[in-house]
Amino acid sequence: MIRQIYAGAGLGHIPASKITLAIAVGLAALALSLAKLTGIAGVGLAGLVLGAAATLELLRILASQRERALVQGLPELIEALAAGISSGQELGDAMIQQATHGPKALRKSFGEMAQLLQKGTSLEQALGWLQVELSNVYADQLVQLLQVSLRSGGAGLVANLEHLSEIIRVQGSLEEELAAKQGWVTGTAKLGLVAPWLIVIFLNARTEAHAFYASAAGFALLSVGLIICLLAYLLIVAAGRLPKAKRVFIDVA
């Protein structure tokens, strides 16, 4: 699950363990800084947990933006591949051409793929690299279609590409509409979870409030509030999750 989130955010080629370690170090530093600045251990703990939730949310946002750009660009790219192959162009050459003439959201990825091909990487291996790079359910379908075509001699490839392009265009439009309608509701609800902690920080400026929050009873109160916020966040995420096609052509080991 976490690997797919990293991959969706464009970090698929970086080992998940390294990303997780970097995030953990950053969150620990945040928690220690908050605890030192406020003098309240409970605020440091809240910073650790809420920081983890914020990091996860940021990765989800990056993944969502990246997915939107990919889904918008893939139909155009697929149609360009179909047109190139119809005109007699080799599949590898048609894909290399997308590095300079393809949709802007995909040029960088295809540019790196072109470099792999120029270094002698086989087209099938380069397609596997591209699948990890894009990490998208529709990109999976495209890569698998191209790999099957390579093994079967390319029969019916153009027609299959045109059909896939139409499917992505229709499905992508529907998913984007649903996400736009629901996104602002869940986004507002998530921001509301931060408000109580801002109030705690403001109240901490008062001597009597600081003394209470720094006590064992204050730590217990803040811990209970943190658990409630965490449960509310999980409920918001669960309620706002839209049904999506699952990626099936990926290594989940």
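Reply: A salt bridge is a side-chain nitrogen of Lys or Arg within 4 Å of a carboxyl oxygen of Asp or Glu. The model is predicted, so local features need pLDDT of at least 70 and side-chain atom pairs pLDDT 80 or more, while totals for chains, interfaces and linings use all residues. Residues are numbered from 1 along each chain as its sequence is written, and side-chain values use heavy atoms, leaving out hydrogens and water.

By this rule there are 5 salt bridges. One of them joins Arg206 and Glu208, whose closest N and O atoms are 2.7 Å apart. Glu208 has a relative accessibility of 48%, and therefore counts as partly exposed (buried is under 20% relative accessible area, exposed over 50%, partly exposed in between, with a 1.4 Å probe and protein chains only).

Two further pairs involve helix 3, which spans residues 41-86 (helices are DSSP runs of H or I, at least four residues, numbered from the N terminus). In one of these pairs, Glu133 forms a salt bridge with Arg66, and the closest N and O atoms are 3.9 Å apart.

Because Arg169 lies in helix 8 (residues 157-192) and Glu79 in helix 3, the pair links parts that are 90 residues apart in sequence. Neither end is described as buried: Arg169 is partly exposed at 39% relative accessibility, and Glu79 is partly exposed with a relative accessible area of 37%.

Helix 3 also has a neighbour in helix 2 (residues 16-38). The axes of helix 2 and helix 3 come within 8 Å and cross at roughly 145° (axes are lines fitted to C-alpha atoms over the stretch in contact, with angles from 0 to 180 degrees between N-to-C directions). On the side of helix 2, the residues that meet helix 3 are Ile23, Leu27, Ala28, Leu30, Ala31, Leu34, Ala35 and Thr38. Their partners in helix 3 are Val43, Gly44, Gly47, Leu48, Gly51, Ala52, Thr55 and Leu59 (contact means heavy atoms within 4.5 Å).

Methods
Helix = DSSP H or I, 4+ residues; strand = E, 2+ residues; numbered from the N terminus.
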